[in-house]
Structures are given as C-alpha cells and as structure tokens.
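Let's take a walk through this one together. Have the viewer open and follow along.

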Amino acid sequence: DEQLDLDDGRWEDIHVVTGALKLFLRELPEPLVPFSHFDKFIAAIKIQDPSLRGRCIRDLVLSLPPAHHDTMKVLFRHLCRVVEHKEENRMSVQSVAIVFGPTLLRPASEEASMAMHMVFQNQVVEHILNYYGHIF
C-alpha cells in the first residue's frame, strides 16, 4: 500500500533498485523456483549431455506454476538485457548468476552441502540466461 515516488533521487542509484529487487525475491515465502523443483533443477544441471540437459531444464521451467513461470520469464528477459550491457555495467552472465542464483533457487532447508548447491544454483541461472530464447 506504500506509494513510491520514483522521481525521488534515492532511486537513481541502480544498486538501491537492484538491492530492493533481490530483497523482495529473497523474502518471498517460497523462491521463484519452488522448493518442490529445487532438487530437479540441480539434477538437471548435472546432466553431462548438453542437449538432454537443455531439454530437461526447459521442461522444468515449463512445469513451474503459472505465476512462477511468468515472473521468471519477465525477470530473466530483464536480466538478459542487463547482460547485453556487460561492457558498461560489468555484469556478465556469470556475474548475474552469482548474484541471483542463491536468491532464485534455494532448498527448503539449509544443509551442510550449501556451498556445493551454490555452484549448481548459479549454473542453473547461467543456463537459463544463455538459453532464454529456447526456454521461453
């Protein structure tokens, strides 16, 4: 219900806007990739055959609930635009994946293998960014 004045000078700093977006996504009761899909995405990114891995991830994205799928489509379209300007903003596909991977995909409970999961979480985000046109 809060009314925001986007002309307010504090919104000019892109880091404030990005931080707000990440905070919003992190505080969702369930991440953009639902807990029920977390292990499936991690298993899919581990598939050695690139063609099979691509199909599996695409099918998983298509299997997401409509609100999750549609939000992911818009968010990743925006993140692809961010990557297009990597020369100016220093945000490569890998950088965006590192920043957003743990926010968009996280297990229902934190485990000892959290560091290992983080590598795969980032790889999933990187894959979706790299193959956005094929996936969506």
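Which helix gives the largest share of the lining of the largest pocket? Keep in mind that this is a predicted model. The answer is H1, which supplies 6 residues of that lining.

Now for the pocket itself. Sorted by class, the lining has 11 nonpolar and 5 polar residues, with no charged ones.

Next, slide over to the loop between helix H5 (86–89) and H6, where you'll find Arg-90. Check its backbone: most residues other than glycine have a negative phi. Arg-90 has a phi near 60°, a positive value in a non-glycine residue. Is Arg-90 buried or exposed? Its relative accessible area is 71%, so Arg-90 counts as exposed, the cut-off being over 50%.

Last stop, the aromatic rings. Two numbers describe such a pair: the distance of the centres and the angle of the planes. The count here comes to 1 aromatic pair. It is made by Tyr-132 and Phe-136, with ring centres 4.9 Å apart and planes at 35°, so the pair is tilted. As for accessibility, Tyr-132 counts as buried because its relative value is 15%, whereas Phe-136, at 23%, counts as partly exposed.

Technical notes:
Residues are numbered from 1 along each chain as its sequence is written. This is a predicted model: local features need pLDDT of at least 70, side-chain atom pairs count only at pLDDT 80 or more; totals for chains, interfaces and linings use all residues. Side-chain values use heavy atoms; hydrogens and water are left out. Helices (H or I, at least four residues) and strands (E, at least two) are DSSP runs, numbered from the N terminus. Ala, Val, Leu, Ile, Met, Phe, Trp, Tyr, Cys and Pro count as nonpolar, Asp, Glu, Lys and Arg as charged, and the others, Gly among them, as polar. Buried means under 20% relative accessible area, exposed over 50%, partly exposed in between (1.4 Å probe, protein chains only). Rings of Phe, Tyr and Trp (its six-membered ring) pair if their centres lie within 6.5 Å; planes under 30 degrees apart count as stacked, over 60 as edge-to-face and the rest as tilted.
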